[in-house]
Amino acid sequence: QVQLVESGGGLVQPGGSLRLSCAVSGSILSISLMGWYRQAPGKQRELVAHITKGGTTTYQDSVKGRFTISRDNAKNTVYLQMNSLKPEDTAVYYCNAKFPGESWGQGTQVTVSS
């Protein structure tokens, strides 16, 4: 099994930045894909970005050029750097791991508002 704990959410003004962290523990070597998803009120959960075991990244079109997913293998942590934040980025952000199974974190709220 894999356990995920997110942190770093909060309230930020439009144009601001936040960095989300996802601490990973458990069967780390079994993970093939790590991702960040988000769910806004009344909307379905959607993929924001993911990173493969080999380091290949993929982004949702709306965040390309503004968000960066990365990982620190020594710290067993995956990050989501979010720049130029917009009100429409407001959502609960979830960390996800895929292995022979799937795990989700508890989510962290990101609110972009003036």
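Which residue in strand 8 stands opposite I69? That residue is L80. The model is a predicted one, where local features need pLDDT of at least 70 and side-chain atom pairs count only at pLDDT 80 or more, while totals for chains, interfaces and linings use all residues. Residues are numbered from 1 along each chain as its sequence is written, and side-chain values use heavy atoms, without hydrogens and water.

Let me begin with the sheet. Strand 7 and strand 8 (residues 77-82) are joined by six bridges in the antiparallel sense; strands are DSSP runs of E with at least two residues, numbered from the N terminus, and two strands pair if DSSP finds at least two bridges between them. They belong to an open sheet of four strands, in the order 1-3-8-7, with antiparallel pairing. Strand 1 (2-7) and strand 7 (67-72) stand at the edges with a single partner strand each, so one side of each has no neighbour in the sheet.

I turn now to the salt bridges (a side-chain nitrogen of Lys or Arg within 4 Å of a carboxyl oxygen of Asp or Glu). The whole structure holds five of them. R38 meets E46 at 2.8 Å, N to O, and D89 at 3.0 Å between the closest N and O atoms. D89 lies in the loop between strand 8 and strand 9 (91-99) and R38 in strand 4 (residues 33-39), so this pair ties together parts 51 residues apart in sequence. Buried means under 20% relative accessible area, exposed over 50%, and partly exposed in between (1.4 Å probe, protein chains only). R38 is buried at 6%, D89 is buried at 0%, and E46 is partly exposed at 31%.
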